Amino acid sequence: MKNILAFLLFFSVVCPAMSQTVQMVQDAQNIQALLDSMSRSWNRHDARAFSMEFSEDADFTNTLGMTVYGRDSIAKFQEKSFATVFKNSTLNITGKKIRYITNDLTGVDATWEMAGAQTPDGKEISPRKGLMNMLMVRYSNRWLILIMHNMNIPDS
């Protein structure tokens, strides 16, 4: 009888922890898929697809500190950038770190590398590295970016 009680106690403690771990693995895969989709959209210079990774009420701040609010404004902002300074750019997500705030809210740091960007007057900018600091929220079973602050990482 003691063994059965011990087993039941162990099982009741371990199972919720295991399911949380399974959920966290699934979340990490879904967040990686979002980052991959965002990178593919960037590399196609598709502002509408890029903006679809953001919530309707998202905040987006670029590396220059320029901020826009809302998915539609993000799309319009990126359309201008993709037509000019980023028209030949490629973006590669090189890493991510996820920190849970709640089950439906995460902080995500994603490192990136970019090549092919240019100045407004058309001069090529050297390849650079950066960090996207994001707050992501789960809507139904989909993760979306609620807040993104983007920054360059200085050469070390």
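This is a predicted model: local features need pLDDT of at least 70, side-chain atom pairs count only at pLDDT 80 or more; totals for chains, interfaces and linings use all residues.
Residues are numbered from 1 along each chain as its sequence is written. Local features need pLDDT of at least 70, side-chain atom pairs count only at pLDDT 80 or more, totals for chains, interfaces and linings use all residues, and side-chain values use heavy atoms, with hydrogens and water left out.

**Exercise 1. The core**

Task: Find which residues of the largest nonpolar core touch the most other members, and which element gives the largest share.

Solution: 
- Step 1. A nonpolar core is a set of buried Ala, Val, Leu, Ile, Met, Phe, Trp, Tyr and Cys residues joined through side-chain atoms within 4.5 Å. Buried means under 20% relative accessible area, exposed over 50%, and partly exposed in between (1.4 Å probe, protein chains only).
- Step 2. The largest such core has 29 residues, and Leu35, Met134 and Met136 touch the most other members.
- Step 3. Among the elements that give two or more residues to this core are helix H1 (2-44), strand S3 (90-102) and strand S5 (128-139). H1 gives the largest share, five residues. Helices (H or I, at least four residues) and strands (E, at least two) are DSSP runs, numbered from the N terminus.
- Step 4. Beyond its neighbours within four places in sequence, Leu35 is in contact with Ile93, Lys96, Ala110, Met134 and Met136; contact means heavy atoms within 4.5 Å.

**Exercise 2. Salt bridges**

Task: Describe the salt bridges of glutamate 56 and aspartate 104.

Solution: 
- Step 1. Side chains of opposite charge can pair when their charged atoms come close. A salt bridge is a side-chain nitrogen of Lys or Arg within 4 Å of a carboxyl oxygen of Asp or Glu.
- Step 2. The whole structure has seven salt bridges.
- Step 3. Glutamate 56 pairs with arginine 71 at 2.7 Å, N to O. The pair links distant parts of the chain, strand S1 and helix H3, 15 residues apart. Glutamate 56 is exposed at 55% relative accessibility, whereas arginine 71 is buried at 9%.
- Step 4. Aspartate 104 pairs with arginine 138, with the closest N and O atoms 2.7 Å apart. Here aspartate 104 is in the loop between S3 and S4 and arginine 138 is in strand S5, 34 residues apart. Aspartate 104 is partly exposed at 40%, and arginine 138 is buried at 14%.
- Step 5. Salt bridges that share partners join Asp27, Asp104 and Arg138 into one network.
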